[in-house]
Amino acid sequence: MTGWLRRVIERIAGPSVPEGFTGSLDATEHVLAVAEARTGGHLVASSFGLWLPDGRRIGWHVLSKASWSSGWLTLVEAEEVGRAGEAVLLRDRRPLRFGLIAPGALPDTVHRRVTGSIRSSQHQDLPGGGAWFVQRRVPGRDGVVLQVRADDGTDAGAVERVAAEVAAKLRAARDAARR
C-alpha cells in the first residue's frame, strides 16, 4: 500500500497494526496510535494497553508512570506482588526507555490512557513510609480495582492491613450504592 493511501485510510478508520507487528490483538481491541522505535519495531497503543516492540502488551492499569522528553518515551510498569483482601499490591519495575522516530500521537495517547485509567489516587502515611492507594479502571472489565503501591521502607504488614481495610470499605460502599 502506498504511503498516501495508508494515511488516508488511517484518517478515516484509525491507525492499523504496523508491518512486522508480532502481538495478537483481542477481538474487541483496536489500535489508537503507532510509532516506530529507534531500535527497531513499533510501539502500538491500543484500547487495552501499550504493545512493545518485543510483542508484549502492558495494560494501561499497570503503567505507573509515562513521560515524554526530547524524543524519548519513559515507562514505569508495575508488577503484582500480592493481594490484601480485594486490593492488589504492586511494585514498580525498572523504567523502560524508547526513542521514537516520528512519535506522532503516541506520547499523548499513552499519557491520556494512563491518566484516564485512574479514578482516584491518594497517598497515605504508614509506619516506615507510606503507600499510594489508586483506584483504576481495567480495560475490558467492568468496575475498578484498588491498587496499593508502597514506598520503599514501608512496613509490609501495615500496608497489607490498611489495604485490606480500605478494600473492604470500598466494597461496602459499592454494595450500599447498589441497594
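This is a predicted model: local features need pLDDT of at least 70, side-chain atom pairs count only at pLDDT 80 or more; totals for chains, interfaces and linings use all residues.
Which residues of α3 are buried?

The buried residues of α3 are A158, V159, A163 and A167. Helix α3 itself covers residues 156–178. It has 23 residues, and from its first C-alpha to its last it reaches 33 Å, close to the 33 Å expected at 1.5 Å a residue. At the start of the helix, D155 places a side-chain oxygen within 3.2 Å of the backbone nitrogen of G157.

What do the buried residues of α3 pack against? They pack against strands β6, β7 and β9, and also against β10, residues 129–137, and β11, residues 144–150.

Next, the cores. The largest nonpolar core has 18 residues. Those with the most contacts inside it are L43, L50, L73, L75, L106 and V110. At least two residues of this core come from each of β1 (31–37), β2 (42–46), β6 (72–84), β8 (96–101) and α2 (106–116). Another core, of 11 residues, lies apart from it; A131, F133, V148 and A163 are among its members. A163 is also one of the buried residues of α3. As general background, nonpolar side chains in soluble globular proteins tend to be buried together.

Leaving out residues up to four places away in sequence, L75 touches L50, L52, L63, K65, A66, R94, P95, L96, F98 and V110.

β6 pairs with β5, residues 63–69, in the antiparallel sense over 6 bridges. S69 has W72 in β6 as its bridge partner. There are 2 residues between the strands of this hairpin, and S70 takes a positive phi near 50 degrees.

With β7, residues 87–92, β6 also runs antiparallel, joined by 6 bridges. Here E79 stands opposite R91. These two strands form a hairpin too, with 2 residues between them, and G85 in the turn has a positive phi of about 65 degrees.

β6 pairs with β8 as well, antiparallel, over 4 bridges. In that pairing, L73 stands opposite F98. L73, you will recall, is among the residues with the most contacts inside the largest core.

On to charges. Side chains of opposite charge can pair when their charged atoms come close. How many salt bridges does a search of the whole structure find? It finds 13. I will go through three of them.

In one, the side chains of R93 and E77 meet at 3.4 Å, N to O. This pair links distant parts of the chain: E77 is in strand β6, R93 is in the loop between β7 and β8, and they are 16 residues apart. R93 has a relative accessible area of 37%, so it is partly exposed. Both belong to a network of salt bridges that links R56, E77, E79, R91 and R93.

Another salt bridge joins the side chains of E86 and R174, at 3.5 Å, N to O. E86 lies in the loop between β6 and β7, and R174 lies in α3, so this pair ties together parts that are 88 residues apart in sequence. E86 is partly exposed, with a relative accessible area of 39%. R174 counts as partly exposed too, at 26% relative accessibility.

R178 forms a salt bridge with D175, and their closest N and O atoms are 3.6 Å apart. The two are 3 residues apart in the helix, so about one helical turn separates them. R178 is exposed, with a relative accessible area of 61%, whereas D175 is partly exposed at 26%.

Where is S117? S117 lies in the loop between α2 and β9, residues 118–126. Its relative accessible area is 2%, so S117 is buried. The side chain of S117 reaches the backbone oxygen of V114 at 2.8 Å. Neighbours within four places in sequence aside, S117 is in contact with W60, H61, Q135, R136 and R137.

Notes: Residues are numbered from 1 along each chain as its sequence is written. Side-chain values use heavy atoms; hydrogens and water are left out. A nonpolar core is a set of buried Ala, Val, Leu, Ile, Met, Phe, Trp, Tyr and Cys residues joined through side-chain atoms within 4.5 Å. Buried means under 20% relative accessible area, exposed over 50%, partly exposed in between (1.4 Å probe, protein chains only). Contact means heavy atoms within 4.5 Å. A polar contact is a pair of N or O atoms within 3.5 Å; within protein, one must be able to donate a hydrogen and the other to accept it, and residues adjacent in sequence count only if both atoms are side-chain atoms. Two strands pair if DSSP finds at least two bridges between them. A salt bridge is a side-chain nitrogen of Lys or Arg within 4 Å of a carboxyl oxygen of Asp or Glu. The expected span of a helix is 1.5 Å times one less than its number of residues.
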